[in-house]
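Subject: Structure handover

Hello,

Here is the structure you are taking over, followed by my notes on what was found in it. Please keep the view open while you read.

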Amino acid sequence: MEVKEERKKYNAIDLTKFIMAIFVIAVHTYPLVGINNTAVLDVYKSIVYIAVPFFFIVSSYFLFMKVNKSDEDKGQEIITSYIKKMIKLYIIWNIFFLPMAIYEYNKEGYSLIKSAMLYIRGFLLVGEHYYSWPLWYLLSTIYSAVFLLVLKKKNIKEKNILIIATVIFIFACIMNYLSDNISNLEGISYNIAFLINLTFSSGRIFTGIFYMSIGMYFSNHKEKLTKSVLIILFIVVLIFSSYYYNDVCEAILGTTIFLIVRDIDLKDRKIYYFLRKSSTIMYFMHMIFFFIYSLLVGFDNAKGLDGFFVSFVSCMIFSVIVQKLQYKYDFTFLKNLF
């Protein structure tokens with residue numbers, strides 16, 4: 001259990017995680033769907049899409065802080081335990097989201113065999129199904145943690161792990177490009193893009209390796225850049241990404257915002273614990289509330305500011321209820337779920 005002094009140092013991260021969870025809701029509910037101003041939309045996209053990289057880096061950062069404080073064998077046990085926890089979460093949340101997948105397969109008129117094949121592909125290779133898009137984060141985390149554990153067991157240095165992860169990230173970016181531009185490709189490049197779409201859908205599932213390697217690296221190394229330099233870097237890259245958005249900008253922005261807030265010392269208050277727990281609940285629950293809202297108003301009408309507002313408010317009400325139940329009755333199931 002974390003002592004009070006340790007939590008005080010990371011209140012800024014808790015606050016930022018809550019904000020990033022709001023960004024995730026925005027990504028999936030399209031609050032700006034009626035706006036046609038490309039400049040506004042480009043800035044908006046550059047900001048909200050740093051949420052998941054930030055979550056990857058933070059999770060890895062705290063994981064490897066524990067690992068660094070332990071001996072080698074114990075550290076590997078900590079990573080293994082973390083992987084098992086993520087697998088358990090991934091299976092549980094896939095069960096919760098299963099009705100949505102069934103809804104889509106039924107709506108599209110897919111046969112039982114095709115539905116089963118699509119579900120297996122989504123479960124093992126993509127990490128998402130209909131309206132369960134946030135789950136790819138868990139699957140990517142599992143694969144990434146296994147990758148880091150294997151390299152750790154081989155006693156590969158953290159700098160070299162980060163280099164290897166960077167190479168993988170570059171290939172993931174290439175996969176994303178091919179997948180997004182398949183209609184403009186021909187020959188071998190088209191065949192590769194077709195194979196990517198058929199299996200992993202994109203290179204996204206492999207990006208977690210890079211982000212978790214960043215978190216691992218900074219858990220044991222102090223960067224030399226001052227906060228003012230980091231802020232300037234963030235602003236410059238944000239402006240650039242507003243004109244030419246890409247995966248590299250997303251990675252820089254996510255890493256920079258993490259380094260900025262990591263060492264901000266906010267006075268310890270109970271609200272930060274609430275926000276930290278709420279960010280997790282919001283991340284996993286918002287698509288369920290959005291799906292229900294979509295059923296009520298129609299899937300074509302759900303996207304927009306109304307859908308965002310309903311999803312956010314529903315998550316906050318649900319979060320208050322869940323945390324009160326955890327505090328009053330100490331429900332183990334709710335603790336494991338969130």
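N155 lies in the loop between α7 and α8 (158-180), where helices (H or I, at least four residues) are DSSP runs numbered from the N terminus. The phi of N155 is near 60°, a positive value in a residue other than glycine. Most residues other than glycine have a negative phi. N155 counts as exposed, at 53% relative accessibility; exposed means over 50% relative accessible area, buried under 20% and partly exposed in between, with a 1.4 Å probe and protein chains only.

This is a predicted model, in which local features need pLDDT of at least 70 and side-chain atom pairs count only at pLDDT 80 or more, while totals for chains, interfaces and linings use all residues. Residues are numbered from 1 along each chain as its sequence is written, and side-chain values use heavy atoms, with hydrogens and water left out.

Y131 also has a phi near 60°, again a positive value in a residue other than glycine. Y131 is found in the loop between α6 (112-126) and α7 (136-153). Is Y131 buried or exposed? Y131 is buried, with a relative accessible area of 5%.

Next, the interior. A nonpolar core is a set of buried Ala, Val, Leu, Ile, Met, Phe, Trp, Tyr and Cys residues joined through side-chain atoms within 4.5 Å. The largest such core has 95 residues, of which W93, L138 and F258 touch the most other members. Helix α13 (residues 270-297) gives the most to this core, with 14 residues. Leaving aside residues up to four places away in sequence, the residues that W93 touches include L135, L138, F284 and M285; contact means heavy atoms within 4.5 Å.

On the surface, I231, I235, I239, F240, Y243 and Y244 form a nonpolar patch with about 690 Å² of accessible area together. Patch members have over 30% relative accessible area and no salt bridge, and nonpolar side chains (Val, Leu, Ile, Met, Phe, Trp, Tyr) are joined within 5 Å. A salt bridge is a side-chain nitrogen of Lys or Arg within 4 Å of a carboxyl oxygen of Asp or Glu. Areas come from the Shrake-Rupley method with a 1.4 Å probe. I235, in helix α11 (residues 227-243), counts as partly exposed at 43% relative accessibility.

As for the whole protein, there are 16 helices and zero strands, strands being DSSP runs of E with at least two residues. Buried residues make up 48% of the 338 residues.

Regards

Notes:
Patches are made of residues with over 30% relative accessible area and no salt bridge: like charges are joined within 9 Å, nonpolar side chains (Val, Leu, Ile, Met, Phe, Trp, Tyr) within 5 Å.
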